[in-house]
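Here are a few friendly notes to read alongside the model. Take them one at a time, and keep the structure open as you go.

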Amino acid sequence: APPHGRWQGPVRQPVRREAADQDKEYVGFATLPNQVHRKSVKKGFDFTLMVAGESGLGKSTLVNSLFLTDLYKDRKLLNAEERITQTVEITKHTVDIEEKGVKLKLTIVDTPGFGDAVNNTECWKSVADYIDQQFEQYFRDESGLNRKNIQDNRVHCCLYFISPFGHGLRPLDVEFMKALHEKVNIVPILAKADTLTPTEVKKKKFKIREEIQQYGIKIYQFPDCDSDEDEDFKQQDQELKDSIPFAVIGSNTVVEAKGKRVRGRLYPWGIVEVENSAHCDFVKLRNMLVRTHMQDLKDVTRETHYENYRAHCIQSMTRMVVKERNRNKLTRESGTDFPIPVIPSTTDTETEKLIREKDEESVPVQKHHRANFI
Ligand code: GDP
């Protein structure tokens, strides 16, 4: 029997023991990764992706190609006149995708019409405000009573589309990215790469990278790969870093190329295949977003961008409290040293309910949730 006499529950995968380890006693925490894995799979994953950039650069087409869905079925395209006056209106689409039993709740935040209006000054403002609002909501929820069921709407990544027709970045691109780079992970995209020759793509990428550096734009930094990774992995990682900005092609149509049906664009001179890595970086981008860096994008959002926001909030709250205290000192002879939080005289029923729930939760012997095995 295990030394501490507590039953560990069924272990699905037998712990493999090396010959030399035969005599070693096991407590059983080697199953921790499995437990975490099961729990996360059961809960499902969520990810919020924002797309930004001038309209007409292929944002919606790319999103549909990336997630093999038609997220924009109900989209209403505006005519030229409507676009002149349009302000940046932000829309959100959510889809639940399931693959091999793993659920992903994907939210796409779209910023349509950006760059369309005659006056584009501060067009980034509403996007920046949107990101801040999500942080604010999270901050409120986190400091409130219902921490357990927080709906996390923070934006984890922003694909910023750069036109293939300009010479590198336009002033608006610089302004936009600089306004957002401390709030969200920006991944720059070179749109409609099929309109450029391979040499042009290379040159444009180089120029854009140079300008990003020159203007001090902080785009999402891929984490360094561990030194003990194998050479193949390291090489792939380096290639990924060198691909910035990802040159992409999107398409909502399936065409036949060499007897196979593929997502692509049909031209009189041939077919460009979206998923062919000789044609563009689409697969690299999708792998990065979905297979390799989704968790890191979420971590950076939480640990850096949200943390910045939070620190900022707390700082200004503290400043307010100090101001208030100083004012109290000036106006009252015997003021209290610390500000007393205002307790509402009548707590509303919702709050009462939450307090009750909290009280029940904090009973020392809780109802234990059995480990769920899937
Ligand atoms: P959005 O306004 O940025 O969402 O752009 P859309 O996705 O609506 O695309 C605008 C137009 O560009 C449509 O006619 C698309 O068919 C076309 N388009 C989308 N992606 C590409 C691409 O990668 N290459 C080319 N050449 N055209 C594209």
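**Notes on the model**

1. Let's start at one spot in the sheet: L190 stands opposite A247 in β6. The strands β5 and β6 pair in the parallel sense, over two bridges. Two strands count as paired if DSSP finds at least two bridges between them. Helices (H or I, at least four residues) and strands (E, at least two) are DSSP runs, numbered from the N terminus.

2. Now step back to the whole sheet. Six strands make up an open sheet with mixed pairing, in the order β2-β3-β1-β4-β5-β6. Its edge strands are β2 (91-99) and β6 (246-247), each pairing on one side only. Strands of a sheet pair through backbone hydrogen bonds, either parallel or antiparallel.

3. A word on what you are looking at. This is a predicted model, in which local features need pLDDT of at least 70 and side-chain atom pairs count only at pLDDT 80 or more, while totals for chains, interfaces and linings use all residues. Residues are numbered from 1 along each chain as its sequence is written, and side-chain values use heavy atoms, with hydrogens and water left out.

4. How confident is the predictor in the protein, on average? The mean pLDDT (the predictor's confidence in each residue, from 0 to 100) is 79, and 74% of the residues score at least 70. Confidence is highest in strand β5 (residues 186-190), at a mean of 97, and lowest in helix α3 (residues 80-85), at 55. Over residues 1-15 the pLDDT is below 50, and this stretch has nine contacts (heavy atoms within 4.5 Å) beyond near neighbours in sequence. Residues 338-347 are also below 50, with four such contacts.

5. After α1 comes G44, whose phi is positive, near 85 degrees.

6. Finally, which residues line the largest cavity? They are D46, F47, T48, K105, T107, D152 and N153. β1 (45-52) and β3 (102-110) each supply at least two residues of this lining, and β1 gives the largest share, three residues.

Conventions
1 Å grid on protein atoms, 1.4 Å probe; cavity = no way out; pocket = protein on both sides within 12 Å on 5 of 7 lines; lining within 4 Å.
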